[in-house]
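Here is a short briefing for a first look at this protein. Keep the sequence and the 3D view side by side as you read.

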Amino acid sequence: MRVTLRERQRQALPELGSVGRGCAAPSAQAGRSRSRARLPRAWAAAAERHLGLGRGASGRSAGTSGHRTGHERPGWHSLIFIAGAGPLRIIQQRGGRASWGAGEGLRPRRPNGEPSRAGGGGVRAWGLAGEPVPRTPRALVWMALCLAAAFAVDRSNFKTCEQSSFCNRVMHGSPALQSDSQGSLWPGRLACPLQEGRLWDWCEADTDSRQVPLLLELYGLQGNMTRIKINELSPLHPRYEVPDVLVRNPPTTWLTVTGRDENSVELSLGDSGHKLILTGKPFRMDLLQGRELVLSVNPRGLLHFEHLRHRKDSLGAPILIPAAPLSNFHPSQSEEVSDGPDRAEEELGSWEETFKTHTDSKPNGPTSVGLDFSLPGFEHVYGIPEHADNLRLRTTEGGDPYRLYNLDVFQYELYNPMALYGSVPLLLAHNTQRTLGIFWLNAAETWVDISSNTAGKTLFGKMLDYMQGGGETPQTDVRWMSESGIIDVFLLLGPAPTDVFRQYTALTGTQALPPLFAVAYHQSRWNYNDEEDVAAVDDGFDTHDIPCDVIWLDIEHADGKRYFTWDPNKFPQPRNMLGRLAAKRRKMVSIVDPHIKVDSGYRVHNEIRSRGFYVKTKDGSDYEGWCWPGSSGYPDFTNPEMRAWWASMFSYDQYEGSMENLYIWNDMNEPSVFNGPEVTMYKDALHQGGWEHRDLHNLYGFYVQMATAQGLEQRSGGLERPFVLSRAFFAGSQRYGAVWTGDNAAEWDHMKISIPMCLSLALTGISFCGADVGGFFKNPDAELLVRWYQVGAYQPFYRTHAHLDTVRREPWLFGEENKALIRAAIRQRYALLPYWYTTFYHSYRSGQPVMRPLWVEYPDDITTFSIDDQFLIGNALLVHPVTEQGAHGVQVYLPGKGQVWYDVHSHQKHHAPQTLYVPVTLSSIPVYQRGGSIVPRKERVRRSSDCMYHDPYTLYVALSPQGTAEGELFIDDGHTYNFESKAQYLHRHFSFASNTLTARSADSKGIFESPAWIERVVILGAGKPAAVFLRQPGMAETRLDFQHEPETSVLTLRKPGVNIGADWSISLR
């Protein structure tokens, strides 16, 4: 049976331990009860619908009490708290049924009807069939809230916050949203059976008809995470909730009530030591570890939820005010609205919004949501890509917030919060004590406002505060605002950086393990002219002895930009072209964009139209926009049937001329619409299910890449791993391939910014990132091109690419000296392919980033927190590329108290921590190997990675000050799923201690045969031994030749000759 991509990702999920077992026992008040009281019938029905409850077998409503038949077992499944215009009531969900009630002493009961008396004071959960479920009950606290019914980019093409009506309305305040009051939970009466069965008394609710009930869901999740969802209890129609991004429904754990008073309740979040204090008036949540405040939710009262409502009709019927932030609720406001708020609402674009010449109709009215968080003790926050900015996020006070809205931005500007091609709504906060993550699961246009109480303070000012014993605790405040959808946020509680990565990828999946060729070098431009041009470029790499794995074709290869076709004049025999590349063990990537030429003679267009798979306009006709082919239709990739059809188009009989060595590139999938608002699709366009494009815009590219990856997988019967490059992305895109930083320019600053851009993506799960080497626009001079090849050699995705109007820039076109420098950089990449591939495998298994900031490995070293011009590959290699024009030296920071680093070129040893001035020439790429690591290499570089597959390995052993080191190597066939489905792989572990180097299996489940062997062992920081001996199980000890360089303390062991999959040891005596 074929295993799907999603199932493979589930199999690869990092193991997360269960957090907590039970909750505190009820007290002995079980005999006391109160009489039942009714909820408003509509609200009760809404809650039942939310739970999927109907009528029971006895014929009674699930919302009634009464006698049960013998086969009905009333085990506790979940607790639902909902407020009405009177005492707060409980829905007790039992065995798939529910009853309404209120009263002290409510206690879970065993299937035999007796009260539960779990040992140690714990309460056990009982499943739908009445069987005990001790470790995986759903622990939910649901409460109702109330709201008052209340050649450079042309920046003018893209909205600012002030021009985005909902952002302007929320950030700057609408006259319809003004008040001085504080928000609160619905007044009512709470009974919580999680501890002692006590009631929690609130004041009675006001019956103001303009109050709109919201449902608050609070989940404790396994793996030290918490989920908060806020939605309307009974909306006019469903609000959009993001599908397909989470790889599974996150497993829950117990929430335990550990304390309460008249205005708050304290919950224990498993056994991690975290507690959550939920305060009713004003509404906020405070998360603590021990007595230390870690994070606050809604501390500034900025919760914002604009509920669905009917628009005022032409006869002047009262309009329902847009729902204000919770902090703006005032029960004394009048029920109807004056003309002032009415006019303000229209002015703020609540029902219609115009930008330049484009008008966006809003049939659902204003639907924005928002929530704020405070992070006490944190000055450094990261993530929320994609922005051309530094790694550390800056405060946005006095300017626009960071924007997340996938857009085709022509030659983007640097160092500003403008939206770019992709969006990952994950923010990380880090200090010396812990790392946290906030994952905002919303696919609509989103703005993130960041403020800090230390913004603008110099280092001297902070030191002066410290010396004087004054100054406030550093704090960063973050406010999320989205145009539509619901509030669905995950708090990733770490506490270590590796924990946050594991938590996030447990939700959204890990980076797909790419085929080996995809990690090598790619040659691309818009466009290689024809088959003869491709052949000449292919031969050029061999003539000039430069390795290359892939040649790319842009939009001009297709027949009139009709994707899935070939230009009959320029590419008349694509199979022959692909066959010639395959004979040299090279691959090709062709572009397939998601805009389809509207042409009645084009089979792809006709099929999509006949099947009704295009995105629709608000009037129900097929949406058309302008892109590369001219008038174009846009397939609705949110439709699973459309995705399945699209995947089928990559089969060899459908994509004529394709072969096994052809892979795919999805560009323009934001989606790009040249004549659309902000160069994208109208927000009121309609997708399957009637959802507006505004609800899911940031998911479009995610779905395009998903469907394409599934197509490449299916064409091989599920055997081969796909490679798909995508420009647009969202959370979870890492499961389907690679991304790049888009249409950059041949400028030094664009090369430099590629480092923090890829680091930001890596922190948010997308490790397979690179930039167009040389710059897409403009023409680089020789120095810039050489330096960019050096930078790219140490980024995960390594491709050169250029605009149609640029001069040709194959590596051999810039003179012999520069050709040699470029060749040397590419050869460094190929020599390190075993290490790159192994690091990708670790990322696939554990969620750890491939390319990572220094603070990830050195989380208590404050110096590393703002460094983004150098980085780590895995945990062993530190890279500081030269990114300044005419540089004669660079300042390299070597972290790690008591550690040592070795220059990988000179093998010179340096003690850490220190900032090292390194003189550089045009040939220099400052790279250092951490003392205590072992890095596998292949130093016989050939024309492609596949040609090197069986070549021998060299192990570089960099000794720590204690004389130890360790490292790993992963080997499989490099292109199939057999490593997973058949356990066909080798995972080797190497360690050096007590003058002995040992090789053993790191995973005994894997079995794989390889003819590759160990050619050489290079030990850095070693003294000269008297003799060196190799020992293998069942064989006599063998003496090895060696060479020692006393100036650099480098010991080279020649030709151990052992198979890479064998167990052995080498002793220095």
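Nine residues form one aromatic cluster: Phe 517, Trp 552, Tyr 663, Trp 665, Phe 723, Trp 740, Phe 768, Phe 797 and Phe 840. Rings of Phe, Tyr and Trp (its six-membered ring) pair if their centres lie within 6.5 Å; planes under 30 degrees apart are stacked, over 60 edge-to-face, and the rest tilted. This is a predicted model: local features need pLDDT of at least 70, side-chain atom pairs need 80 or more, and totals for chains, interfaces and linings use all residues. Residues are numbered from 1 along each chain as its sequence is written, and side-chain values use heavy atoms, leaving out hydrogens and water.

**Aromatic pairs and charges over rings**
- The whole structure holds 46 aromatic pairs.
- One of them joins Phe 702 and Tyr 736 edge-to-face, at 5.8 Å centre to centre and 75 degrees between the planes.
- Phe 702 lies in helix H12 (residues 700–715) and Tyr 736 in the loop between strands S37 (724–726) and S38 (738–740), so the pair ties together parts 34 residues apart in sequence.
- Phe 702 is buried at 0% relative accessible area, and Tyr 736 is buried at 4%.
- Buried means under 20% relative accessible area, exposed over 50%, and partly exposed in between (1.4 Å probe, protein chains only).
- Phe 970 and Tyr 985 make a tilted pair, 5.7 Å centre to centre with 35 degrees between the planes.
- The charged end of Arg 715 sits over the ring of Tyr 663, 5.4 Å from its centre.
- Arg 937 has its charged end over the ring of Tyr 956, 4.8 Å from the centre.
- For such a contact, NZ of Lys or CZ of Arg must be within 6 Å of the ring centre and within 35 degrees of the ring normal.

**Fold and sheet**
- The protein chain has 18 helices and 60 strands.
- Both are DSSP runs numbered from the N terminus: helices (H or I) have at least four residues, strands (E) at least two.
- Nine strands make an open sheet with parallel pairing, in the order S39-S38-S37-S36-S32-S31-S30-S41-S40.
- Its edge strands, S39 (769–770) and S40 (772–773), each pair on one side only.
- Two strands pair if DSSP finds at least two bridges between them.
- S37 and S38 run parallel and are joined by two bridges.
- Ser 726 stands opposite Val 739 in S38.

**Salt bridges**
- There are 55 salt bridges (a side-chain nitrogen of Lys or Arg within 4 Å of a carboxyl oxygen of Asp or Glu).
- Arg 562 and Asp 599 meet in one of 2.8 Å, N to O.
- These two residues are 37 apart and link distant parts of the chain.
- Asp 951 bridges to Arg 942, with the closest N and O atoms 2.6 Å apart.
- Asp 951 is buried at 8% relative accessibility, whereas Arg 942 is partly exposed at 37%.
- Asp 1063 pairs with Arg 988, the closest N and O atoms being 2.7 Å apart.
- Asp 1063 lies in the loop between strands S59 (1050–1054) and S60 (1064–1068) and Arg 988 in strand S53, so the bridge ties together parts 75 residues apart in sequence.
- Asp 1063 is partly exposed at 38%, but Arg 988 is buried at 3%.

**Burial**
- Buried residues make up 64% of the 1069 residues in the protein chain.
- Phe 674 is partly exposed, with a relative accessible area of 33%.
- Phe 674 lies in the loop between strand S36 (662–666) and helix H11 (693–696).
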